[in-house]
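Me: I'm new to this one, could you walk me through it?
Reply: Gladly; have a look at it before we start.

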Amino acid sequence: MKIISAKQALLPQGWVSDVHVGVGADGRIVSVNYGDSASLKSSDDEVYSVETLLPSPANLHSHAFQRAMAGLTEKRGPDPRDSFWTWRKLMYKFLDQLTPDDIEAITAFVQMEMLEAGYATNVEFHYLHKQPGGAFYDNPAELSERIAAAAELTGVGLTLLPVHYQYGGCDQRPLKGGQQRFSTDLIEFELLWERASEGVKKLPADTVVGVAPHSLRAVSPENLKIIQQIAPSAPFHMHLAEQIQEVEEVQAAWGARPVEWLFDNAAVDARWCLIHCTQLLPHETSALARSGAVAGLCPITESSLGDGIFDGVSYLEQGGRIGIGSDSNIRISLSEELRTLDYSQRLRDHSRAALASAEQSTGRRIFESVAEGGAQAAGRASGRIKIGMWADLIALDGDHPDFIGRQGDALLDTFIFAGDDRMVQDVWSAGRHQVRAGQHIQRDSIVDSYKCVMKKLGGNL
Ligand code: ZN
């Protein structure tokens, strides 16, 4: 058996010293020993020693291909009120150029970055299904299988969410231009979902397939209802209430604000993950907190797009569940996502340590919340260092000068608020030890493939 021995580990009951975590051949945690029981190790065990061991959160929302556009959307267009909608225009131009090989290489690169940042799992909200112009590839799940092939290479845990994207807006206008690659009618989506589920079967047993209606703007009420039955217990994710314009459009077309409409028309429960929720009124925040669903927060992307600020203070006070995603993948950083989440609350409320509680520091409360909420949203037995869970683990660098004299919550706060992901030393996804000494074990070849794609795309954007 593989044993990971840690000087300190964040277990469900809190910080514990001298912890030995046994990982079985199937990638699950089979033992957690400390104190007197630590001597239960056998001489056959392969022991790997680390300083500080944490459960690794899932990255619960990503559009992998967008990684290749990072940094290209910071100019203003001719419209002085340049916004999100200009960003989308560039994305559609970019989309026309991507081949399946390009998508696989970009996905492997961003999954590698996720692992190096400390995320064990990529929850991929995958809506790029078709060829430019809108025809399926010979294999309707071609691009889903490319995401799976990237996950096979990088060893990241994969929760694949094939996305149903019907329309270009609430008025049910057809998808045009670059968006045609996203488009599926109901029959096409059901076929795609079946084939994608088959296509990921070659991946390890921790792989999950869920279902994702793109948003209330892009899917009809009828189809939203029908696709809830495709995999009734699997993760079910949707973008919701991200932009003011989107809220107004839904309100005009459907007669209620997005969250109001959804809670009146769907049984939102713990399998749901609602992405962004940056435009909620207080009664909507309360409804979401009560539902048991996860709010999928993407603070770096939401800052980049100027979406707004999720009301984390009130939501967590009401027992709401959260997770973190990198969405547009403009920057992959676990520590920075968590820091940005808390800083956004501070800037709005003129407060400090906004998401701390009486018992827990800011970093501790956010980290544990996103580890558990991310696992729930990924449909993954994970998020805590506990027997039976997948061994999704992070070890922080014991030699880092900022960690000298720091333990427990102070060390976690230092990682999130004073440090960065270079403090992440090792990462395991379902026991697969993919990051060692801060680097993915296949880094060089993954980077080389990505560079080839970027050289090819470079001049055309
Ligand atoms: Zn998104």
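Reply: What follows takes up a metal site and then a few other places, as you ask about them. This is a predicted model, in which local features need pLDDT of at least 70 and side-chain atom pairs count only at pLDDT 80 or more, while totals for chains, interfaces and linings use all residues. Residues are numbered from 1 along each chain as its sequence is written, and side-chain values use heavy atoms, with hydrogens and water left out.

Me: Which residues coordinate the zinc ion?
Reply: The zinc ion is held by H61 (NE2), H63 (NE2), H239 (NE2) and D327 (OD), at 2.1 to 2.4 Å. Donors here are N, O and S atoms within 2.8 Å of the metal (3.2 Å for Na, K and Ca), and since water is not among the atoms, sites may look incomplete.

Me: And why is the arrangement called irregular?
Reply: Because the angles subtended by the four donor atoms around the zinc ion run from 84 to 170 degrees. Four donors count as tetrahedral if all angles lie between 85 and 135 degrees; four count as square planar and six as octahedral if opposite donors are over 155 degrees apart and all others between 65 and 115, and anything else is irregular.

Me: How are the donors spaced along the chain?
Reply: Their spacing is H-x1-H-x175-H-x87-D. H63, in the loop between strand 5 (58-62) and helix 1 (84-95), and H239, in strand 10 (residues 236-240), are 176 residues apart, so this pair links distant parts of the chain. Helices (H or I, at least four residues) and strands (E, at least two) are DSSP runs, numbered from the N terminus.

Me: Are those two histidines buried or exposed?
Reply: H63 counts as buried because its relative accessibility is 3%, and H239 counts as buried at 7%. Buried means under 20% relative accessible area, exposed over 50%, and partly exposed in between (1.4 Å probe, protein chains only).

Me: Switching topic, what is the backbone doing at H276?
Reply: H276 has a positive phi of about 90 degrees although it is not a glycine, and this residue is found in strand 11 (residues 272-276). H276 counts as buried, at 0% relative accessibility.

Me: What about C277?
Reply: C277 also is a residue other than glycine with a positive phi, near 50 degrees. C277 lies in the loop between strand 11 and helix 8 (282-291), and at 1% relative accessibility C277 counts as buried.
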